[in-house]
Amino acid sequence: MAKKIAGQLKLQVKAGSATPSPPIGPALGQRGINIMEFCKAFNAQTQEMEKGSPVPVVITYYQDKSFTFVMKTAPVSYFLKKAAGLDKGSTAPGKTSAGQVTRDQVRDIAEKKMKDLNAIDVEGAMKMIEGSARAMGLEVVG
């Protein structure tokens, strides 16, 4: 018989840095999820990733206090800022440019994010990422 799902929880945790301190600890604790078990499992699965990169994770927890989690790829904004070499996007998108990204960089990001995007092909994913780049105040060149 299948386990009865009690709910789902979405968090964004830095790769290799899950600790029981806030915001992770309280979010898991109030739902009865074993905090240390999650931290150990998450850190083990993210040890190959770049340390400190944000990883969205969806935790499904069950009535018997067990849980499973699915990791997604980092947000598009993280990849765009990294490609442009920026700490943050433009303070006035559309008026001032924060930097530039090339079409090749956009294609690389689209290929990395393809499994998490709602796009049929890489070209459609590239258009989505170019829109995010414009919203951040980045120019797409090349």
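**The sheet**

I started with the sheet, which is open and has three strands in the order β1-β2-β3, with antiparallel pairing. The model I am reading is predicted, so I note that local features need pLDDT of at least 70, side-chain atom pairs count only at pLDDT 80 or more, and totals for chains, interfaces and linings use all residues. Residues are numbered from 1 along each chain as its sequence is written, and side-chain values use heavy atoms, with hydrogens and water left out.

I wrote down the terms before going on. Strands (E, at least two residues) and helices (H or I, at least four) are DSSP runs, numbered from the N terminus. Two strands count as paired if DSSP finds at least two bridges between them. Strands of a sheet pair through backbone hydrogen bonds, either parallel or antiparallel.

I looked up the edges of the sheet and found β1 (5–14) and β3 (67–71), each of which pairs on one side only. On average, neighbouring strands of this sheet are turned by 20° against each other, direction ignored. For such angles, axes are lines fitted to C-alpha atoms (for helices over the stretch in contact), and the angles run from 0 to 180 degrees between N-to-C directions.

I then looked at what packs on the sheet. Helix α2 (residues 35–45) does, and touches β1, β2 and β3. Contact means heavy atoms within 4.5 Å. The direction of α2 makes about 30° with that of β3.

**Strand β2**

How many bridges join β1 to β2? I found nine, and the two strands run antiparallel. One pair I checked was I5, whose bridge partner in β2 is Y62. V57 has M71 of β3 as its bridge partner, and V58 stands opposite V70 in β3.

Buried means under 20% relative accessible area, exposed over 50%, and partly exposed in between, with a 1.4 Å probe and protein chains only. P54, P56, V58, T60 and Y62 point one way from β2, while V55, V57, I59 and Y61 point the other way.

K65 is in the loop between β2 and β3. The hairpin of these strands has four residues between them. Phi of K65 is near 70°, a positive value in a residue other than glycine. K65 counts as exposed because its relative accessible area is 52%.

I looked up the largest pocket, which holds about 200 Å³ of space. The search used a 1 Å grid over the protein atoms alone: a pocket is an open set of points with protein on both sides within 12 Å along at least five of seven lines, and lining residues have an atom within 4 Å of a point. The volume is the space filled by probe spheres set on the points, which are joined across faces, edges and corners.

Which of the 14 lining residues are closest to the centre of the pocket? They are M49, S53, T73, A74 and F79. The elements that give two or more residues to the lining are β2 and α3 (76–84), and α3 gives the most, with three. By class, I recorded seven nonpolar, two polar and five charged lining residues. Here Ala, Val, Leu, Ile, Met, Phe, Trp, Tyr, Cys and Pro count as nonpolar, Asp, Glu, Lys and Arg as charged, and the others, Gly among them, as polar.

In α3 itself, V76, Y78, F79 and L80 are buried. Their cover includes β2, β4 (99–102), α4 (103–113), α5 and β5 (138–141). After α3 comes G85, whose phi is positive, near 70°.

**E130 in α5**

E130 lies in helix α5 (residues 122–136). I list E130 as buried because its relative accessible area is 12%. Not counting residues up to four places away in sequence, E130 touches R103, V106 and V140.

P23 is in the loop between β1 and α1 (24–29). The peptide bond from P22 to P23 is cis, with omega near 5°.

P26 is in helix α1. With a relative accessible area of 45%, P26 is partly exposed. P26 touches P20 and S21, leaving aside residues up to four places away in sequence. I also checked P26 against V122, 96 residues apart along the chain: their C-alpha atoms are separated by 39 Å.

How values were computed:
1 Å grid on protein atoms, 1.4 Å probe; cavity = no way out; pocket = protein on both sides within 12 Å on 5 of 7 lines; lining within 4 Å.
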